[in-house]
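Here is a short briefing on one protein model. Look over the sequence and the fold before reading on.

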Amino acid sequence: MVSRHVGSCHCGGVRFSVNHEVTELTTCDCSLCVKRNAVMGKVPEAALSIDQGQELLATCQWNSMRAVHHFCRRCSIYVFHRKRAAPNHFGVNIFCLDGFDPNSLPVRATEGAGMTLVCDRPRAEWPGSRAREPEGRNRY
Ligand SMILES: [Zn+2]
């Protein structure tokens, strides 16, 4: 089942849509997600489209520079980010989705803090989601 969500930043300048059924929410204990108090839904990149305000989207990258965090340069709200461990997916700020009930889905705590060190020998290929890596968390 595919469902469609529309979302926006606080000022409404950035509007986006998600054509994907979000089935799980995650938090992350990395230093950035903790400070922004993020609760996220994982969405394939093809399922997310920016409908308005592309020019307002600013980006933040740090540490490994793999994750790309997008926020509105006018109101500063984090809207979504390209995920570090699954770069063909976005993590979407579910509080930006219109009418989305954050209590409607289970929340899983993920371990981003274990990923925060820059590796001096990064892999050429990123292995993808930790959900498909049952041997444990990625350490790079
Ligand atoms: Zn805004």
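C72 is buried, at a relative accessible area of 1%. Here buried means under 20% relative accessible area, exposed means over 50%, and partly exposed lies in between, with a 1.4 Å probe and protein chains only. The model is predicted: local features need pLDDT of at least 70, side-chain atom pairs count only at pLDDT 80 or more, and totals for chains, interfaces and linings use all residues. Residues are numbered from 1 along each chain as its sequence is written, and side-chain values use heavy atoms, with hydrogens and water left out.

**Zinc site**

- C72 (SG) is one of the protein donors of the zinc ion; the others are C9 (SG), C11 (SG) and C75 (SG).
- These donors lie 2.3 to 2.4 Å from the zinc ion.
- Donors are N, O and S atoms within 2.8 Å of the metal (3.2 Å for Na, K and Ca); water is not among the atoms, so sites may look incomplete.
- The four donor atoms subtend angles of 105 to 117° around the zinc ion, which makes the arrangement tetrahedral.
- Four donors count as tetrahedral if all angles lie between 85 and 135 degrees.
- Along the chain, the donor spacing reads C-x1-C-x60-C-x2-C.
- C9 sits in the loop between β1 (4-8) and β2, and C72 in strand β7 (residues 68-72), so the pair ties together parts that are 63 residues apart in sequence.
- C9 is buried too, with a relative accessible area of 5%.

**Seven-stranded sheet**

- Strands are DSSP runs (E, at least two residues) and are numbered from the N terminus.
- Seven of them form an open sheet, ordered β6-β7-β8-β9-β4-β3-β10, with mixed pairing.
- β6 (57-60) and β10 (107-110) each have a single partner strand, so one side of each is left without a neighbour in the sheet.
- From one strand to the next, the twist averages 35°.
- For these angles, axes are lines fitted to C-alpha atoms, and angles run from 0 to 180 degrees between N-to-C directions.
- Two strands pair if DSSP finds at least two bridges between them.
- β7 and β8 pair in the antiparallel sense over four bridges.
- V68 has R82 in β8 as its bridge partner.

**Three-stranded sheet**

- A three-stranded open sheet runs β1-β2-β5, with antiparallel pairing.
- β1 and β5 (48-52) stand at its edges with a single partner strand each, so one side of each is left without a neighbour in the sheet.
- Neighbouring strands here are turned by 25° against each other on average, direction ignored.
- Five bridges join β1 and β2 in the antiparallel sense.
- V6 stands opposite S17 in β2.
- S49 belongs to strand β5 and is partly exposed, at 29% relative accessibility.
- S49 contacts F16 and S17, leaving aside neighbours within four places in sequence; contact means heavy atoms within 4.5 Å.
- S49 and V6 are 43 residues apart in sequence and 9.6 Å apart in space, C-alpha to C-alpha.

**Nonpolar cores**

- A nonpolar core is a set of buried Ala, Val, Leu, Ile, Met, Phe, Trp, Tyr and Cys residues joined through side-chain atoms within 4.5 Å.
- The largest core has 22 residues; F16, L48, F80 and V92 touch the most other members.
- β2 (15-19), β8 (78-82) and β9 (89-93) each supply at least two residues of this core.
- Not counting residues up to four places away in sequence, F80 touches several residues, including F16, L48, I50, L57, V68, F90 and V92.
- A second, separate core has six residues, among them C30, C33, M40 and Y78.

Definitions and conventions. Four donors count as tetrahedral if all angles lie between 85 and 135 degrees; four count as square planar and six as octahedral if opposite donors are over 155 degrees apart and all others between 65 and 115; anything else is irregular.
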